[in-house]
Amino acid sequence: MYYFLPGALLLYFLAPHKLKNTVLLLASLVFYAFGEPRFLLLMVLDILLAYFSGILIEIFHRQKWDRLFLILSLCISLGLLGYFKYADFLISNVNRLTGLNIPLLQIALPVGISFYTFQLLSYTIDVYRGKVRAQRNLIDLAAYIASFPQLIAGPIVRYAEIEKSLTLRTSSLDGIASGIRRFVFGLSKKVLLANSLGELCEIFKVSDDKSVLFFWLYAIAFTLQIYFDFSGYSDMAIGLGRLLGFDFPENFNYPYTSTSITQFWRKWHMTLGSWFRDYLYIPLGGNRVGKVRWLLNIFIVWLATGLWHGASWTFVLWGLLYGLLLVIEKLGLHRLLEKSRIISHVYVMLLVILGFVIFNADGLKEAFNYLTSMFGLKGYPLLSGEFLYYLKSYGVTLAISILASTPFFPKLAKRFSMLKSGAVLIQIAEPLLLLLLMLTVTAYLVDGSFNPFLYFRF
């Protein structure tokens, strides 16, 4: 934040237009090498694969060879993702089923591989479909794939969305101001809210004074933590993109205000949802097939969604659970949900909270224990001293987080700006607020070592 980013931005803005993508690419490679130097070669090989595959697919367009090159590219990209992400999961399950003792490979997961692999896949598929032209400039394509603002954890940016911006973009003062604002708010969500909520979750896990309400407090805290953790990163990525002249797609739209699970998944991790829709659900036939096949398509997509998040049966269960809920809504529950906004919102949040308990569990056994404990089936008391203490200690953080997960603050600012002198006061107060947030975030980062990032594992 205080060394790499200012240096990268300075070089970027000083560079002539023809060299901006080169500077962006070099900065991105340095950024990735800070954390994962040994996997830098893997990303470069993936970029080269996409580059040559795209050209070959276009050259042999509408001939039998274009499909062959597409399939070859998809198999290699998905094969690498599968090897690094799922090999040990597969081996451990084979061992359980057969009684064998095949040693695990103990493979480290390259950071961001799920995100940049999906960008590679969308590029080659869109070239095959004729939606975009193959990029002949290797640096431009590599700058798109390795772009440091969204390399680690999205949003998943499709090549078609920034194809024109790769060759023609400008960084206006309005864009820079908007980018800084979005970056600072995103960083604040991550450090001030997500990290604080994460501390509460860690305290719960090691507590010897658990209770039913403490389990619920943990579940609510994690539900808020993962939202601010991931949406905060997305805000930072979108803000940095605006600084560089790119317009990255939105990834969250206040999902915790949803009144159905269907609506929730239209507002949560939107770039992933639309990716699976366009590159898996629709090619499978979508809803343009018979009812049985249509329902099967939904479950296939949600099985893939669960596995995309991680190599664990908890993620499989989490994905299939949402597939089941979406099927139930599509078969008629949505009509009942439309009758009461309050009841439907409670229904969504209850299921989302329970879903994230499964999502964050270290295995199916822990997930089952947590869920049953939340409903008083494990013999825990309703209240405990630690629950009351930490509810009081984190009460303000929880209250602010709940309000910040809704449009409350933007609506409040909008209404205030409509007052006679409100707009002027906001123009004066906003830079001061951003500066105060940056100073506070810096103090938190310097003072504390607890700075987890949940989506690193994906």
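**Figure 1. A nonpolar surface patch in the predicted model.** V396, I400, L403, F408, F409 and L412 together expose about 530 Å² of accessible area as a nonpolar patch on the surface. Helices α17 (395–404) and α18 (408–417) each give two or more residues to this patch. Areas come from the Shrake-Rupley method with a 1.4 Å probe. L412, in helix α18, is partly exposed at a relative accessible area of 48% (buried is under 20%, exposed over 50%, partly exposed in between).

This is a predicted model, in which local features need pLDDT of at least 70, side-chain atom pairs count only at pLDDT 80 or more, and totals for chains, interfaces and linings use all residues. Residues are numbered from 1 along each chain, and side-chain values use heavy atoms, without hydrogens and water.

**Figure 2. S28 and its contact with F148.** S28 belongs to helix α2 (residues 20–35) and counts as buried, at 0% relative accessibility. A polar atom of the S28 side chain lies 2.9 Å from the backbone nitrogen of F148.

**Figure 3. Two residues with positive phi.** Most residues other than glycine have a negative phi. Y254, in the loop between α9 (212–244) and α10 (261–267), has a positive phi near 50° and is partly exposed, at 24%. H269, in the loop between α10 and α11 (270–281), has a positive phi of about 45° and is buried, at 1%.

Methods:
Patches are made of residues with over 30% relative accessible area and no salt bridge: like charges are joined within 9 Å, nonpolar side chains (Val, Leu, Ile, Met, Phe, Trp, Tyr) within 5 Å. A salt bridge is a side-chain nitrogen of Lys or Arg within 4 Å of a carboxyl oxygen of Asp or Glu. Helices (H or I, at least four residues) and strands (E, at least two) are DSSP runs, numbered from the N terminus. Buried means under 20% relative accessible area, exposed over 50%, partly exposed in between (1.4 Å probe, protein chains only). A polar contact is a pair of N or O atoms within 3.5 Å; within protein, one must be able to donate a hydrogen and the other to accept it, and residues adjacent in sequence count only if both atoms are side-chain atoms.
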